[in-house]
Amino acid sequence: MQDKLLSTKELSEYLGVAVSTIVEYRMNNSGPIYAKLGHLVRYKKSDVDAWVDSRKPKD
C-alpha cells in the first residue's frame with residue numbers, strides 16, 4: 001500500500017498544531033522529513049509518525 005502524502009494543512013490538522021508551527025518546524029529543520037514537489041511541500045505519514053515517536057521522552 002502506498003504511503004499517504006500530507007499537505008502542510010493536513011499535517012497541522014493531524015498533529016493538532018497551527019500551520020505556522022509546521023512552517024516554523026520546516027524552516028528550523030526541527031520537524032518531520034518533507035519533500036518538495038515543484039512548489040508543493042508534502043509529508044509522508046510514516047515519516048511524520050516516526051518523527052512523533054522520536055520525540056517521546058526517554059524513561
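## Helix packing

Axes are lines fitted to C-alpha atoms, for helices over the stretch in contact, and angles run from 0 to 180 degrees between N-to-C directions. Helices (H or I, at least four residues) and strands (E, at least two) are DSSP runs numbered from the N terminus.

This is a predicted model, in which local features need pLDDT of at least 70 and side-chain atom pairs count only at pLDDT 80 or more, while totals for chains, interfaces and linings use all residues. Residues are numbered from 1 along each chain as its sequence is written, and side-chain values use heavy atoms, with hydrogens and water left out.

The axes of α1 and α2 come within 8 Å and cross at roughly 110°, and the two helices are therefore roughly perpendicular to each other. Thr8, Lys9, Leu11, Ser12 and Leu15 of α1 make this contact with Val19, Ile22, Val23 and Arg26 of α2; contact means heavy atoms within 4.5 Å.

Helix α1 (residues 8-15) also meets helix α3 (residues 45-54), their axes coming within 12 Å and crossing at roughly 40°. That angle makes α1 oblique to α3. On the α1 side the contact involves Leu11, Tyr14 and Leu15, and on the α3 side Lys45, Val48, Asp49, Trp51 and Val52.

Arg26 belongs to helix α2 (residues 19-27). Arg26 is buried, where buried means under 20% relative accessible area, exposed over 50%, and partly exposed in between (1.4 Å probe, protein chains only). Beyond neighbours within four places in sequence, Arg26 is in contact with Thr8, Tyr34, Val41 and Tyr43.

Thr8, in helix α1, is buried with a relative accessible area of 14%. Leaving out residues up to four places away in sequence, Thr8 touches Val19, Ile22, Val23, Arg26, Val41 and Tyr43. Ser7, in the loop between β1 (5-6) and α1, is likewise buried, at 15%. With the neighbours up to four places away set aside, Ser7 touches Val41, Arg42 and Tyr43.

## Salt bridges

Side chains of opposite charge can pair when their charged atoms come close. The structure holds 3 salt bridges, each defined as a side-chain nitrogen of Lys or Arg within 4 Å of a carboxyl oxygen of Asp or Glu.

In helix α1, Lys9 and Glu13 are 4 residues apart and so separated by about one helical turn; their closest N and O atoms are 2.8 Å apart. Lys9 is exposed at 53% relative accessibility, and Glu13 is exposed at 52%. In helix α3, Lys45 and Asp49 are also 4 residues apart, about one helical turn, with closest N and O atoms 2.9 Å apart. Lys45 is partly exposed at 30%, and Asp49 is partly exposed at 25%. Lys56 pairs with Asp53 at 3.5 Å between the closest N and O atoms; Lys56 is exposed at 51%, whereas Asp53 is partly exposed at 46%.

## A positive phi angle

Asn29 lies in the loop between α2 and β2 (35-37). Although Asn29 is not a glycine, its phi is positive, at about 55°. Asn29 is exposed, with a relative accessible area of 66%.

Definitions and conventions:
Lys and Arg count as positive and Asp and Glu as negative; His and the chain ends are not counted. Angles under 35 degrees count as roughly parallel, over 145 as roughly antiparallel, 65 to 115 as roughly perpendicular and the rest as oblique.
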